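Subject: Structure for your files

Hello,

Here is the structure you were to receive. My notes on its cavities and on one helix follow below it.

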Amino acid sequence: DKSILFVLEDSGERHLAKFNRANQKIDRLVSGNVSVWGFSQHDSGDISFEMTMSHLPPEIFYLNGTNVKQLTRVNEDLFKDIQLADVKNVVFMNEDLQEVEGFIFLPPNYQEKKRYPTILKIHGGPVSQYDFSFNEEAQLLAANGYVVLASNPRGSSGYGQDFSSALFAKWGIPDFVDVMAAVDYSISEGYSDPDKLGVGGWSYGGILTNYVITKTDRFKAAITGASEVNMEANYGHDHYQLEWEKELGLPWESKESWQKISPWENVEKIVTPTLIMGGKEDWNVPIQNSEQLYQALKRRGIATKLIVYPDTSHWFSRPSFLKDYYERTLSWYEDFVLAD
């Protein structure tokens, strides 16, 4: 009855925090350039928690008073022989003169003054954020010679309610501006080759990818996973009925609101080779929209593939599927981003 323990998202960091009911103050028990996930408190007050950092996959730590001790070192031997990407935390301005934060992953043995092929990775949610956690997909892409951009556009968490709610009924508008600002920043800083750009994401990251490829032809390849494209087709089909109605109204009464945020209305503008993926049993973002996007691109003669993982919902952890996903990702970008 005295305090509440919780994880606090703040500007690319996830801290273990405690809210004191008596003085209404928040104390950060574990802070800094870290990302805290699960935690468990013993009756003694000691806390075990899962934490990750830019160059450290998740491990279990122990908090006793103010003393933090690392308990597990699962990947220590493996990482002795692996050279990781340098991760830069950056802040840049969007065209509305607002600050946007992000992370840039530079390939191992990065050479100054050399411009690299670049992948814009978009996070899901959209109420989520890229943070100082270990990003295995970004590291894999960097290990294969790409600069990777991971930004927190409007709609992300960790930057206040107004920043997060900027997408209300405006999907693909302010967040598109912000992720493109990340690309422009990386080019202006000399990291990225403007002629070798790729984009991709999962869940809302896939949805925003769909907006990106309907609004610009700057990207040589796109990968959209577990995404939505034809919003009206989801009504009564996915599990977001109350949220749809609260944000957009009923589709037969507010058709313009639904069409405004539907990439399907601009599918004829897509020229980017696009790999489409999803789980067959996904009722969060059903595979139906991925099938429709694939059919539209195939019908229009745009290079595309549809990969459907069986017995799989919105996320998957089966090792063979993960291996397949990563191999297809690398192959798609190699075929279209790296190709002359």
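Which strands and which helix each supply at least two residues of the lining of the largest cavity? They are strand E8 (86–93), strand E9 (99–106), strand E11 (147–152) and helix H4 (174–188); helices (H or I, at least four residues) and strands (E, at least two) are DSSP runs, numbered from the N terminus.

This is a predicted model: local features need pLDDT of at least 70, side-chain atom pairs count only at pLDDT 80 or more, and totals for chains, interfaces and linings use all residues. Residues are numbered from 1 along each chain as its sequence is written, and side-chain values use heavy atoms, without hydrogens and water.

Cavities

The whole structure has two cavities of 30 Å³ or more. A cavity is a set of points on a 1 Å grid over the protein atoms alone where a 1.4 Å probe fits but cannot get out, and lining residues have an atom within 4 Å of a point. Grid points are joined across faces, edges and corners, and a volume is the space filled by probe spheres set on the points.

The largest cavity holds about 40 Å³, and its lining includes Phe 92, Phe 103 and Tyr 185.

Helix H5

Tyr 204 is one of the buried residues.

Regards

Note on methods:
1 Å grid on protein atoms, 1.4 Å probe; cavity = no way out; pocket = protein on both sides within 12 Å on 5 of 7 lines; lining within 4 Å. Buried < 20%, exposed > 50% of the residue type's maximum accessible area, 1.4 Å probe, protein only.
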